[in-house]
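Please consult the sequence and the coordinates shown below while reading.

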Amino acid sequence: MASLQASSFLHSSAYSLPRLSRKRTITSILDLPKTRASNIPLHDLQTGRLAEELEKARSYTSLKTTFVDKKYTKNDENYGSDSMVLEKLYAILEAVADRVEMHKNIGDQRDNWNSLLLTSINAITLAGATMSGIASTIAAGAAPVGALKICSTLMLIAATGMLCIMNKIQPSQLAEEQRNAARLFKQLQKEIETTIAIGEPTDRDVNEAMQKVLALDKAYPLPLLGVMLEKFPSNIEPAVWWPQQQRSGQVTSAHCNGWNAKLEKEMRSIVEVLRRKDKEEYLRLGGKALKLNKMLAVSGPLLTALAAIGSSFVGSPMPGGSWAAILGVVAGSLASVVNTLEHGAQVGMQFEMYRGNAGFFKLMEESIESNLIDNRRENGELFEMKVALQLGRSLSELRDIASSSSNRGGEVDEFASKLF
């Protein structure tokens, strides 16, 4: 419409556009982008704004052409490398998204294992103990006694075997591992998406993403046979799911990239609090959970085995036949209680949770120390805000706890983190 209206004005003698012929004016107006031409008031075409708009359109077209040629055309010399880096990052991104779904699905499956096996084993154990008690009330030599004894003994032996397997793999701990893996892979997925969105990725970004994926695969394996994490380790160590950080070994100037001597002192104080309070506390709690889990894992199968032995001697003419019935009933009942405490309360999951929390604080320690001595440190103000958010504190609270730690030589009453 703007083009047609402009053409009608060109026929009037009152209209004249300096330095532009009639033919060139029509052609230039038609060359304007539709969104720009439709926004020009008609009388402005007579006041000289047309020349200004044409110049803006030419500048916009030139800039757009330059950007397209640089980013997306194959004529540019950097097109091949930039395109390959993006293709690699998108390939890693697809693999990470697939791992998120795999760990989520397998985590749900192993959580179902825990509840189904717990219910089944308890039902079998209690049924065997009940049969053992019923058999002891029937007169010796009666026909039903033998059948009840055999059924009770077989059920308690089966419960013993199933409980040994369940205690070995610790389904609740496996489910917690997969939940952690799914969360960390989602976090990595967001990091890669951010790298693609806000910057020009390089080969270094591709290598770091690959290392993080492989480190997570190693920290939280999917298979059970051969690579399953040790459920009862002799030494308690924080979980490690990140690659070893490469440090340049060069100390950066304190007054650089938002850093200063005060901020470096604050970060060193935070590291000391994390090491002495938070990480040590969760390792201590993890040790207690591990000891309790070991005790329950041994007690459960032992009690079901004793119940099976007692059930096999129910109704026997040998001395102590009545004690055999008591052993079968009591041991079977206690076995179901122990099994419920271990797997119903998910003691293995609690141990893994404490180990993972200790790993989180260890990662924060390494990250802060790396930024303190590496010449590739992040911006100081941004890094301080990240640390405060990860610890669930405001910037003022973070500075207060760092100041308290410095004044007391690293000894403070409160923990650095308010999240866990």
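## Burial and overall fold

A residue is called buried when its relative accessible area is under 20%, exposed when that area is over 50%, and partly exposed in between. By this criterion, buried residues make up 40% of the 420 residues in the chain. The model is predicted.

The secondary structure consists of 13 helices and zero strands, and the pattern along the sequence is α-α-α-α-α-α-α-α-α-α-α-α-α. Of the contacts between residues at least 6 apart in sequence, 80% join residues at least 24 apart.

## The largest nonpolar core

The largest nonpolar core holds 49 residues, of which Ile-192, Trp-241, Met-267, Ile-270, Ile-368, Val-387 and Leu-391 touch the most other members. Two or more residues come from each of helix 5 (79–137), helix 7 (171–198), helix 8 (203–219), helix 9, helix 11 (347–373), helix 12 and helix 13. Which helix gives the most to this core? Helix 9 does, with 10 residues.

Trp-241 illustrates the packing around one of these core members. With residues up to four places away in sequence left out, Trp-241 touches Leu-184, Ala-215, Leu-216, Ala-219, Tyr-220, Gly-356, Gly-359, Phe-360 and Leu-363.

## Helix 13

Helix 13 comprises 13 residues (395–407), which at 1.5 Å a residue should span 18 Å; the end C-alpha atoms are 18 Å apart, in agreement with that expectation. The buried residues of helix 13 are Leu-398, Ile-401, Ala-402 and Ser-405. Viewed down the helix axis, these buried residues fall within an arc of 100 degrees, so they line one face of the helix. Their cover includes helix 9 (261–312) and helix 12 (380–390).

## Salt bridges

The count of salt bridges comes to 19. One of them joins the side chains of Lys-231 and Glu-177, with an N to O distance of 3.5 Å. Lys-231 lies in the loop between helix 8 and helix 9, whereas Glu-177 belongs to helix 7, so the pair ties together parts that are 54 residues apart in sequence. Are these two residues buried or exposed? Lys-231 and Glu-177 are both buried.

Arg-284 and Glu-281 form another salt bridge, in which the closest N and O atoms are 2.6 Å apart. The two residues are three apart in helix 9 and are therefore separated by about one helical turn. Arg-284 is partly exposed at 39% relative accessibility, and Glu-281 is also partly exposed, with a relative accessible area of 22%.

A further salt bridge links the side chains of Arg-393 and Glu-414 (3.1 Å, N to O). Because Arg-393 is in the loop between helix 12 and helix 13 and Glu-414 is in the segment after helix 13, this pair ties together parts that are 21 residues apart in sequence. Arg-393 is buried, with a relative accessible area of 9%, whereas Glu-414 is partly exposed at 42%.

## Cysteines

A disulfide is a covalent bond between the sulfur atoms of two cysteines. How many disulfides does the chain contain? The count comes to zero. As to the accessibility of individual cysteines, Cys-151 is partly exposed, with a relative accessible area of 37%, and Cys-164 is partly exposed at 40%.

## Individual residues

Ser-132 lies in helix 5 and is buried, with a relative accessible area of 1%. Residues up to four places away in sequence aside, Ser-132 touches Ser-152, Ser-311, Val-314, Ala-325, Gly-328 and Val-329.

Most residues other than glycine have a negative phi. Gln-170, although not a glycine, has a positive phi of about 50 degrees. This residue lies in the loop between helix 6 (143–169) and helix 7 and counts as buried at 0% relative accessibility. Gln-346, also a residue other than glycine, has a positive phi near 55 degrees. Gln-346 is placed in the loop between helix 10 (321–344) and helix 11.

Note on methods. Residues numbered from 1 in each chain as written. Predicted model: local features only at pLDDT ≥ 70, side-chain atom pairs only at ≥ 80, totals over all residues. Heavy atoms only, no water. Helix = DSSP H or I, 4+ residues; strand = E, 2+ residues; numbered from the N terminus. Expected span 1.5 Å × (residues − 1). Buried < 20%, exposed > 50% of the residue type's maximum accessible area, 1.4 Å probe, protein only. Arc of directions from axis to C-beta. Contact = heavy atoms within 4.5 Å. Core = buried A, V, L, I, M, F, W, Y, C linked by side-chain atoms within 4.5 Å. Salt bridge = Lys/Arg side-chain N within 4 Å of Asp/Glu carboxyl O. Disulfide = S-S within 2.5 Å.
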